[in-house]
Amino acid sequence: MKSFALLVALASSAAAQLQIDPAIAAEIAKIKAIDNHAHPVLPAAGDAGYDALPVEHMEPYTEPVRTRQGSPLAAEASRQLFHGAPRQEVIAQKREGYPSWVLDQLGIETMLANRVAMGPGVAPPRFLWVPFEDALLYPLNNTSLASKNSDRKAFFGDEDQLLREYLKECDYTHTPSTLGEYLAKVVDRTLERHKRRGAVAVKFEAAYLRSLDFDDVPRATAEAVYARGRTGAIPDADYKKLQDYIFRHIAAEAGRLGLAVHLHVAWGAGGYFDIAGTNPLLLESVFNDPRLHNTNFVMLHGGWPFTREITALLTKPNVYADFSAQTLMNYPRAVSQVLREWLELAPDKILFGTDAYPYSEESGWEQSGWIAMQTTRQALGLALTEMVNDGEITRERAVELAHMVLHDSAAKLYSLK
């Protein structure tokens with residue numbers, strides 16, 4: 001009851017500041033959400049599995065104002081979550097129940113956990129697994145790719161390590177001698193193993209490693225590149241063709257297994273991040289591929305700053321978007337403008353997500369999740385209020401749309417009860 005009262009109070013405050021219809025705000029505050037994308041941390045000390053490519057140790061870069069060190073939002077989140085108690089004291093008290101307790105404070109029913117592996121406290125039914133598959137795209141020598149900048153040097157080291165783990169789980173110490181064997185005995189088996197262990201989707205952080213233009217490459221071309229690359233150095237442009245082929249293979253296999261494909265499609269952390277390479281229109285040939293029409297794709301973070309391109313791509317029958325991370329970087333009114341455009345075109349394709357992440361001691365996954373949740377409720381309320389005021393929808397429809405965005409569309413996509 002205390003959590004519900006807090007949400008209503010925050011909704012009322014938001015209504016006063018942003019002219020949100022109080023009745024719509026109150027209804028939004030009551031919805032228990034499904035979080036499409038987050039990086040929850042195990043309550044035990046030393047957890048490093050919350051990301052395959054952790055971004056905390058990058059060279060300095062200009063962070064958005066809302067996420068900078070000393071942001072008052074993080075302090076407010078801590079006050080609302082812990083009420084003055086030390087975070088570690090609450091963890092010690094709640095133990096393995098701590099992550100679920102956090103979800104209760106946020107008003108989240110289920111969180112899709114984008115992690116290398118699940119563990120005690122972060123487990124079904126409150127947490128559903130979304131493992132990483134990028135490492136499977138890079139079975140050859142990655143020295144040249146890693147040399148591009150300091151961020152990629154660290155990232156490819158992480159990917160090499162994860163691929164070694166996937167190979168070991170498939171009873172290999174090195175990559176197989178042929179592409180066919182690699183796909184059948186490593187790639188497919190890894191995806192099947194992830195499915196058996198409870199995965200509901202698979203995740204690609206590829207935008208941190210390369211552009212999102214995954215071309216349609218003939219099998220023979222990919223086989224030739226794989227063969228040459230196992231015995232010697234190959235040009236990066238040739239290696240890209242192999243990556244492109246493997247990506248589409250994984251996407252097709254994910255569709256066969258009933259796993260959605262999540263893609264980082266937006267600005268990303270770091271001064272070397274290739275923003276142009278994340279333009280969602282680069283993925284159009286993938287979405288249009290008839291062999292991939294049984295695969296559902298989710299563009300994480302809503303493509304910011306390419307949000308209008310996302311709007312157009314939502315007309316594809318198997319394409320969805322969440323707006324995670326936007327609610328950390330951007331203020332409610334800016335997010336509301338994006339949401340309104342999406343709601344007016346494809347309201348059943350929009351998914352809520354926090355991108356809750358342990359950014360620092362000051363702002364852990366709990367605080368960032370709280371900030372994203374409150375910003376979402378304000379932004380969604382503002383977008384729906386404006387649509388009602390403009391005569392586009394009724395209040396009843398506004399409440400229905402709120403349930404779709406925060407819960408129902410994700411429940412349908414992942415076949416949740």
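Trainee: What should I know before I start?
Mentor: The model is predicted, so local features need pLDDT of at least 70, side-chain atom pairs count only at pLDDT 80 or more, and totals for chains, interfaces and linings use all residues. Residues are numbered from 1 along each chain as its sequence is written, and side-chain values use heavy atoms, with hydrogens and water left out.

Trainee: Start with the sheet. What is the strand order?
Mentor: β1-β2-β3, in an open sheet with parallel pairing. Strands are DSSP runs of E, at least two residues, and helices are runs of H or I, at least four, both numbered from the N terminus. Two strands pair if DSSP finds at least two bridges between them.

Trainee: Why is one side of β1 and of β3 left without a neighbour?
Mentor: β1 (33-38) and β3 (127-130) stand at the edges with a single partner strand each, so one side of each has no neighbour in the sheet.

Trainee: How many bridges join β1 to β2?
Mentor: Four, and β2 covers residues 108-114. Ala-33 stands opposite Ile-108 in β2.

Trainee: Which helix lies across β1 and β2?
Mentor: α16 (residues 395-413), at about 70° to β1. Axes are lines fitted to C-alpha atoms, for helices over the stretch in contact (heavy atoms within 4.5 Å). Angles run from 0 to 180 degrees between N-to-C directions.

Trainee: Pockets next. How much space lies in the largest one?
Mentor: About 740 Å³. On a 1 Å grid over the protein atoms alone, a pocket is an open set of points with protein on both sides within 12 Å along at least five of seven lines; a cavity is a set where a 1.4 Å probe fits but cannot get out. Grid points are joined across faces, edges and corners, and a volume is the space filled by probe spheres set on the points.

Trainee: What lines that largest pocket?
Mentor: 38 residues, counting those with an atom within 4 Å of a point. Val-55, Tyr-61, Glu-63, Ala-269 and Tyr-359 lie nearest its centre. α13 (326-329) and α15 (365-389) each supply at least two lining residues.

Trainee: And the second largest pocket, what volume?
Mentor: About 370 Å³. Its lining has 20 residues, with Val-41, Arg-87, Gln-88, Pro-358 and Glu-361 nearest the centre. α4 (87-94) and α15 give two or more residues each.

Trainee: How many cavities of 30 Å³ or more are there?
Mentor: Two, from a search of the whole structure.
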